[in-house]
Structures are given as C-alpha cells and as structure tokens.
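Here's a quick tour of some surface and charge features. Have a look at the model first, then read on.

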Amino acid sequence: MSNDPPESASQDPPPHDHDGRTGPPGGTGGRSGTDGAGRTEAAGGTDGAGGFGGAARHWPHLTPPGCWGALLLACLSFTPSLLPRGGVLQGLVCGIAAAIGYGLGVVAAHVWRAFADRDAWTPSRRTWLVLVVGAVVLFALAFGLGQYWQHEIRRLMSVTDYNVLSAVACPFVAALVFLLLLLAGRGLRALYGWAARLLRRWIGWRAARVVGWVVVAAMAWTAFTGLLLEGFVNAANEAFSVRDTHTPEGIHQPTSSLRSGGSGSVVPWDSLGREGRAFVGSGPTAAEIGAFTHRPAQEPVRTYAGLETADSAEGRAAKAVADLERAGGFERKNLLVMTTTGSGWVDPAAVDTFEYLGNGDSATVAMQYSYLPSWLSYLVDQSKAREAGRELFDAVYDTWSKLPQDKRPRLFVAGESLGSFGGETAFSGEYDLRNRTAGTLFAGPPNFNTLFREFSDGRVAGSPEIEPVYKEGRTVRFADDPSTAIEPAGRPWDGTRVLYLMNPSDPIVWWSPNLVFSEPDWISEAPGRDVLGQMFWIPFVTFWQITADLPFSTGVPDGHGHTYKVAYVDGWNAVMRPEGFTAQDLDRLKHIIRPDGWG
C-alpha cells in the first residue's frame with residue numbers, strides 16, 4: 001500500500017512527478033520494498049537502475065511503459081506510405097511517432113495501475129537492460145526493413161535519388177524530435193500543475209485539476225493557432241506577395257488582343273501577378289497547334305485576373321469575364337473555366353492540351369485568389385478557393401446563359417488540387433454538373449472536396465475507393481490511367497462527362513484527419529499500381545506518414561504522387577470527345593505536353 005497520507009478537505013494531495021509517481025523525482029516514491037526483479041529497494045535510492053540512475057539525473061526521466069510505447073510506434077513509422085521518404089523526413093516522422101507512443105505508454109500504465117490499485121514501481125537494472133537491448137535490435141530491424149521498402153517505392157516510381165548521409169541522419173533526427181516533443185509535453189504538464197495550484201485557492205482540488213487541464217489546452221491551442229500558425233501564414237503571405245511581383249524568366253507581355261495584359265485588355269499587365277503573367281504569356285501558338293492537327297488553327301484566347309486586379313473575388317471575376325468577352329472568348333467553340341491552385345498557378349499541361357484538342361478554337365479564363373503556394377493554401381486558403389471558384393463560374397455562366405443557344409460555346413470546367421475544390425463549389429451535385437457544363441476534368445482532388453466525397457462515398461458496392469463507380473458511371477467517373485478503359489467500361493457515358501484523375505499514390509487525394517483513428521477503404525483494399533502492398537494502417541502513425549508526404553507530393557515523376565501531365569491528354573480526349581484524332585495522334589501530343597518522355 002502507499003505511504004501517502006489520506007487526502008482531506010484542507011490538505012492538497014502530494015506532488016506527482018511527470019509519470020504519475022509520488023515523491024521526489026528520481027526517487028522511489030517515498031517507499032521501500034522490492035522491485036520487479038525481487039531485489040530490495042531503499043527509499044530515495046538510485047532509480048533501481050544502478051549505474052543508469054546517475055545518468056538519468058542529467059536527462060528527462062523516462063519510464064519503461066512509455067519507452068516501450070515509443071519504441072513500438074517508432075519502429076512502425078518505418079512502414080511504407082505513399083511516397084519515397086528521405087532520411088531526415090523519416091527521422092521527423094519517427095520522432096513524432098515515438099513521442100506519441102511514449103505518451104500512450106505512460107497513460108496505459110497509469111490506467112492499469114488505477115484498475116489494479118497498485119502504486120508505481122521503480123524499474124530495476126534488468127528492466128532497463130532488457131529495454132535497451134530490445135530497442136537496439138528492434139530499431140535496427142525496423143530501420144533495415146524501412147530502407148528496403150523505400151527502395152521498392154523508388155523502383156515503382158522510377159526514382160533514382162538516394163542520399164546515404166540522409167539515411168544515416170535518420171536516428172539522430174528522430175531522437176532530437178522525440179526529446180523536443182517530450183520536453184514540450186512536460187512543459188505543458190508543469191504549466192498545468194501551476195494552474196491547478198492557483199485554482200486550488202478558490203475551488204476543490206479535483207475541480208482544479210480538471211479546469212487546469214482545460215485552461216492549459218485552451219492556452220496551447222490559442223498559442224498555436226493564434227500566434228504560431230497565424231504568424232507563420234502572415235510571414236509567408238508577405239514573402240510570397242513580393243515574389244508575386246516578379247515575372248518568370250522567358251515570359252514577356254503579349255501584344256495580342258487575345259490575351260489579358262495585351263493590346264486593348266481591360267486587365268493591366270502589372271496586376272496579373274507572377275502566375276497570371278506566366279499563363280497569358282505562354283501557351284501554344286496557332287502555328288504550333290496547326291502543325292499537330294494538320295488543319296488551319298486559331299490562336300487561343302486566355303484571360304486572367306490577379307489579386308491586384310480588383311479588391312474582391314467578385315470584382316476580379318467580373319474583370320476576367322469582361323476581358324474574356326472583349327477578346328471574343330464567348331465566340332469560340334470551347335470555353336474553359338479554370339480554377340487555379342493557391343498562388344494562381346495554372347498547370348500548362350491542362351490548358352495546352354485543351355487548346356491542342358480544340359484546334360485553337362478555344363478560350364480559357366482563370367483568376368488568382370492567394371499569394372501562398374499550393375501546399376500551404378491547401379491548409380489555410382480553402383475559403384478563398386471556394387469563393388473564387390463560385391464567383392468565376394457564376395460570372396461566366398451569367399454571360400454565357402444570355403447568349404442564343406446556337407451561339408453558345410461548349411462550357412467546360414477544370415481544376416487541379418485546390419483548384420478542383422474551388423471548381424466544385426459552383427455546383428450542387430451530379431445533375432448540376434450535367435445540366436450546366438459540357439464536361440468537367442478535375443485532377444488530384446483533395447479528400448475534403450464536397451462532391452468528390454459525395455461521389456466516392458456513394459459508390460457502387462464492390463468498387464474500390466481508388467477507382468469508384470458512381471451511379472453506373474452515367475456522368476461521373478474516376479481514373480488513375482485514362483489511357484485505359486475508364487470504369488465501368490461497358491456502361492454508356494452519354495451527354496456531359498465528368499472525370500476525376502487521381503493517382504493511387506497522391507497524398508493530396510487521400511490525406512484526412514480521420515487517418516488518426518480510422519482505417520480508410522483505400523488502404524484495406526487492394527493497392528493501386530504504384531502503392532506497395534506492404535502498406536497498412538496504423539493508428540496515429542499513418543496520419544503522420546501521409547502528412548509528411550504532402551509537401552513532397554509533386555517531387556516525383558509524372559503519373560505518381562500529385563503530378564499530372566500526360567494524363568491530361570487522355571483525360572481531355574475522354575471529356576471533350578474531339579473528332580479526327582487517332583491513338584497515334586494522342587501519343588504525339590503526349591510528347592508535346594511532356595517533351596522529356598513519358599510512359
């Protein structure tokens with residue numbers, strides 16, 4: 001039994017150390033007895049670990065249950081996820097997983113002691129020895145398997161980069177991250193202790209403990225979201241707003257009246273932003289398109305509005321559409337409303353392909369809604385993407401719908417990544433897409449896309465999440481390789497076609513907060529063409545693995561991760577259904593869109 005005095009109304013409970021033991025740090029909880037190995041311990045001894053006790057006084061005190069939990073999740077963090085991971089990134093994931101495992105181990109031990117009505121025990125030298133030996137063996141085994149799995153992922157994606165020094169640094173990075181998170185956690189615990197003691201002056205001890213944790217959690221959340229995150233986003237916004245004033249190398253102000261910023265344009269060149277200037281200052285010419293189609297071709301129309309073009313999303317949309325109308329965009333055969341990614345970037349592969357397959361008889365309109373790069377906008381600019389997508393399409397549709405029916409161009413919608421999220425928000429569902437567009441092509445849709453989730457969750461029973469079948473594929477379909485038959489291949493796909501391109505290894509498509517506690521279908525089902533079969537879901541760990549994949553999702557070859565290039569050729573061919581193009585023509589276009597090779 002414990003030697004602690006009974007708690008009374010006027011007496012505070014004895015202080016607890018960081019792991020729930022009573023007594024001074026490093027001691028035995030103010031009691032004597034036998035340790036787990038049957039040896040006698042003296043109160044106030046050396047942590048029951050002999051020589052380990054002296055060293056422990058210079059390091060944060062650790063407990064065996066916590067260490068075993070840390071070791072377990074650290075080893076599991078080496079299991080494969082979607083993309084290749086370098087050593088430093090693996091060390092980061094490993095350190096985070098170890099910190100979570102340590103906390104879970106400590107909590108599990110505390111709960112067990114509470115149910116067993118037992119005091120905390122002081123670990124013996126043998127306990128620590130078993131832990132150290134087990135840690136060395138298990139970590140080495142996990143590290144070796146991890147290197148093998150990473151090699152297999154690189155082979156699947158034809159990635160040749162491998163940094164030995166980075167791999168060697170992995171354990172050291174993991175140890176550093178683990179210690180920093182451990183110290184941060186204990187700092188919060190110390191803050192909780194101070195808050196609870198302060199509250200004890202006015203309320204009972206049990207209530208003070210509960211309220212203390214609530215206060216500390218609220219303070220930590222406020223500090224993270226209100227100070228750290230907001231400060232980081234503001235600093236990034238300032239930095240990227242400066243970058244937005246620059247013009248990419250090789251891009252010059254157009255002289256054509258068919259481009260924003262050109263002759264007669266109502267949108268000033270300087271207001272377009274970096275990505276807007278890149279968009280209107282590039283693209284295939286009529287001669288290049290004609291050389292591909294072997295027919296007389298037109299110069300495509302491209303209009304754009306940057307953040308500096310107007311003060312609001314509605315104002316920018318109005319300017320972009322006014323410039324589109326001025327340039328004759330509504331007189332073309334094909335009209336594309338393109339929702340951009342974070343910084344206003346438009347994937348050249350998406351628009352160039354649209355223009356080639358339309359023989360230049362096309363117009364594209366887009367607008368910027370943020371300065372931030374796509375990976376950061378993905379996390380903090382969702383509301384801006386939603387507003388931009390809705391305002392731009394509504395402005396285009398308002399003008400388009402007033403034209404005589406026989407004078408209207410075919411109206412298409414497209415977007416990649418966060419652009420697909422913004423593009424979706426203009427529509428209420430499948431019928432709305434069918435009734436108000438001639439076709440839609442979305443690539444790499446984030447997992448939180450409203451319509452994407454509706455279509456995927458409502459898929460036909462038995463169809464996999466990586467290639468779902470919705471309503472027998474009558475309007476909406478999904479493909480990771482549109483050059484093959486798009487399922488359900490035997491069913492009619494008449495009228496408007498909506499196609500989602502999504503690589504099985506794209507973390508943007510599959511990342512979700514739900515990964516923390518629940519296994520998604522795409523992991524439990526058969527893996528996609530570029531995902532290892534050895535991947536499996538692990539609570540907490542898989543979430544951090546996929547999270548770590550996000551910033552590097554475009555750093556892999558085309559057709560993997562969040563990289564979509566030649567897939568646009570077959571994707572637009574399926575959605576637009578242009579006449580007169582053979583499979584050989586599409587292969588030639590793939591070489592034009594990606595001249596460094598494909599396949």
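Which residues form a nonpolar patch on the surface? They are Trp202, Ile203, Val210, Val211, Val214, Val215 and Met219, with about 630 Å² of accessible area together. Patches take residues with over 30% relative accessible area and no salt bridge, joining like charges within 9 Å and nonpolar side chains (Val, Leu, Ile, Met, Phe, Trp, Tyr) within 5 Å. Areas come from the Shrake-Rupley method with a 1.4 Å probe, and for residues only the protein chains shown count as cover.

A note on the source: this is a predicted model, where local features need pLDDT of at least 70, side-chain atom pairs count only at pLDDT 80 or more, and totals for chains, interfaces and linings use all residues. Residues are numbered from 1 along each chain as its sequence is written, and side-chain values use heavy atoms, leaving out hydrogens and water.

Val214 sits in helix H6 (residues 205-243); helices are DSSP runs (H or I) of at least four residues, strands (E) of at least two, numbered from the N terminus. At 52% relative accessibility, Val214 is exposed (buried is under 20%, exposed over 50%, partly exposed in between).

Now the charges: there are 18 salt bridges, each a side-chain nitrogen of Lys or Arg within 4 Å of a carboxyl oxygen of Asp or Glu. Here are some of them:

| Pair | Closest N to O |
|---|---|
| Arg155 and Glu152 | 3.0 Å |
| Arg491 and Glu472 | 3.7 Å |

Arg155 and Glu152 share helix H4 (residues 125-156), 3 residues apart, and Glu152 is buried at 15%.

How values were computed
Buried < 20%, exposed > 50% of the residue type's maximum accessible area, 1.4 Å probe, protein only.
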